[in-house]
Amino acid sequence: MSRILTEWLQYGFMRQALAAILILTPLFGMLGTMIVERKMAFFSDALGHSALTGIAIGVVFGVSDTNLSMLFFAVAFALLLNQLSRKNAASNDTVISVFSSFSIAVGLAILSKGGNFSQYSSLLVGDVLSITKKEIGYLAGAFAITLLFWLFCFNQMHAVSIHRTLAKSWHIKARLMEDLFAALTAVIVMLSIKWVGILIINALLILPAAASRNLSENMREYHFFSILFSMFSGIFGLGISYFTNTATGPVIVIVAAAIYFGSLIWLLRKK
């Protein structure tokens with residue numbers, strides 16, 4: 001049994017993939033709790049779709065590193081969605097859905113010109129097995145920034161998510177907190193998209209937090225279980241994908257979905 005468990009770690013690319021998973025999954029676990037709490041599932045999904053537009057803009061303007069154009073566009077896109085949501089011109093999910101659809105359509109139209117989209121198709125499902133040590137370092141930096149944000153800003157963000165007006169009466173800068181969280185989420189999503197995939201990154205943000213919400217009785221448990229479920233899904237999914245020779249991202253989502261359905265069954269039986 002021990003040989004089977006360690007066999008998949010004898011390769012350097014698998015060890016690097018595991019290191020990436022150990023950084024990415026706690027990030028998703030932390031961010032996911034606030035995304036679920038603030039009912040931002042559409043928002044994070046739209047951010048994932050905006051990656052294609054960011055790359056397309058980089059291609060149009062001849063940017064050598066399309067990761068930078070993708071990152072800058074995602075942050076601008078997130079802040080724009082926040083601003084439009086505050087105007088209450090339409091329901092939040094409608095506004096986000098419209099901009100998400102428009103964004104991915106523009107990206108696909110530009111990148112598919114001349115039949116060249118095949119070179120970007122890997123972004124749809126991701127490939128964590130191709131991550132390098134340098135890229136793991138970038139993810140570690142993002143993890144450190146997210147942890148600092150959580151330590152210093154979580155209570156204020158939580159207050160804003162519960163009651164925005166009341167939070168403002170406590171002199172909490174609600175708009176600043178919302179924009180900081182939106183920008184941070186955009187950065188994390190863009191840094192992760194190449195390894196996780198556009199089609200499934202939202203599921204990895206939402207499923208562990210949603211499962212945790214079904215089981216938790218307080219905020220501490222909510223965060224603990226979300227990070228635990230996210231990390232378990234990542235590690236277990238990586239191992240399964242190695243032995244079954246399947247894409248890692250979708251397998252991780254399947255494991256996370258199984259945990260969610262299990263938590264939902266437990267919640268229904270409890271009631």
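Helices here are DSSP runs of at least four residues, numbered from the N terminus. The model shown is predicted.

**View 1. The largest cavity and the residues around it.**
The structure holds two cavities of 30 Å³ or more, and the largest cavity has about 70 Å³ of space. Its lining is made by Ile 21, Leu 24, Thr 25, Phe 28, Val 128, Trp 195, Val 196, Leu 204, Thr 248, Gly 249 and Ile 252. H2 has the largest share of the lining, with four residues. Sorted by class, the residues lining the largest cavity are eight nonpolar and three polar, with no charged residues. Rolling a probe the size of a water molecule over the atoms shows where empty space is left.

**View 2. The second largest cavity, with about 30 Å³ of space.**
The residues that line the second largest cavity are Thr 33, Met 34, Glu 37, Phe 154, His 158, Met 219, Tyr 222 and His 223. At least two residues of this lining come from each of H2, H6 and helix H10 (219-244). By class, four residues of the lining are nonpolar, three are polar and one is charged.

**View 3. The second largest pocket, with about 330 Å³ of space.**
This pocket is lined by 14 residues. Asn 67, Glu 135, Tyr 138, Met 190 and Leu 191 are the lining residues that lie nearest the centre of the pocket. Helix H4 (66-87), helix H6 (133-162) and helix H8 (174-196) are the elements that give two or more residues to the lining. H8 gives the most, with six residues. The lining of the second largest pocket has 10 nonpolar residues, one polar residue and three charged residues.

**View 4. The salt bridge between Lys 194 and Glu 135.**
The structure holds one salt bridge. In this salt bridge the side chains of Lys 194 and Glu 135 meet at 3.7 Å, N to O. Lys 194 lies in helix H8 and Glu 135 in helix H6, so the pair ties together parts that are 59 residues apart in sequence. Lys 194 counts as partly exposed because its relative accessibility is 38%. Glu 135 has a relative accessibility of 18% and therefore counts as buried. Glu 135 is also one of the residues that lie nearest the centre of the second largest pocket. Side chains of opposite charge can pair when their charged atoms come close.

**View 5. A nonpolar surface patch of about 430 Å².**
The residues that make the patch are Ile 57, Val 60, Phe 61, Val 63 and Ile 110. Val 63 is placed in the loop between helix H3 (41-60) and H4. With 34% relative accessibility, Val 63 counts as partly exposed, and residues of a patch need over 30% relative accessible area.

**View 6. His 171, a residue with positive phi.**
His 171 is not a glycine, yet its phi is positive, at about 65 degrees. The loop that holds His 171 runs between helix H7 (164-169) and H8. His 171 counts as exposed because its relative accessibility is 74%.

**View 7. Asn 245, with a positive phi of about 55 degrees.**
Asn 245 has this positive phi although it is not a glycine. Asn 245 lies in the loop between H10 and H11. The relative accessible area of Asn 245 is 72%, so this residue is exposed.

**View 8. Ile 259 in helix H11, shown with Ala 210.**
Ile 259 has its place in helix H11. The relative accessible area of Ile 259 is 18%, so Ile 259 is buried, since buried means under 20%. Ile 259 and Ala 210 are 49 residues apart in sequence. In space, Ile 259 and Ala 210 are 9.8 Å apart, C-alpha to C-alpha.

Conventions
Residues numbered from 1 in each chain as written. Predicted model: local features only at pLDDT ≥ 70, side-chain atom pairs only at ≥ 80, totals over all residues. Heavy atoms only, no water. 1 Å grid on protein atoms, 1.4 Å probe; cavity = no way out; pocket = protein on both sides within 12 Å on 5 of 7 lines; lining within 4 Å. Points joined across faces, edges and corners; volume = space filled by probe spheres on them. Nonpolar A, V, L, I, M, F, W, Y, C, P; charged D, E, K, R; others polar. Patch = residues over 30% accessible without salt bridge, like charges linked within 9 Å, V, L, I, M, F, W, Y side chains within 5 Å. Areas by Shrake-Rupley, 256 points an atom, 1.4 Å probe, with all protein chains shown as cover. Salt bridge = Lys/Arg side-chain N within 4 Å of Asp/Glu carboxyl O. Buried < 20%, exposed > 50% of the residue type's maximum accessible area, 1.4 Å probe, protein only.
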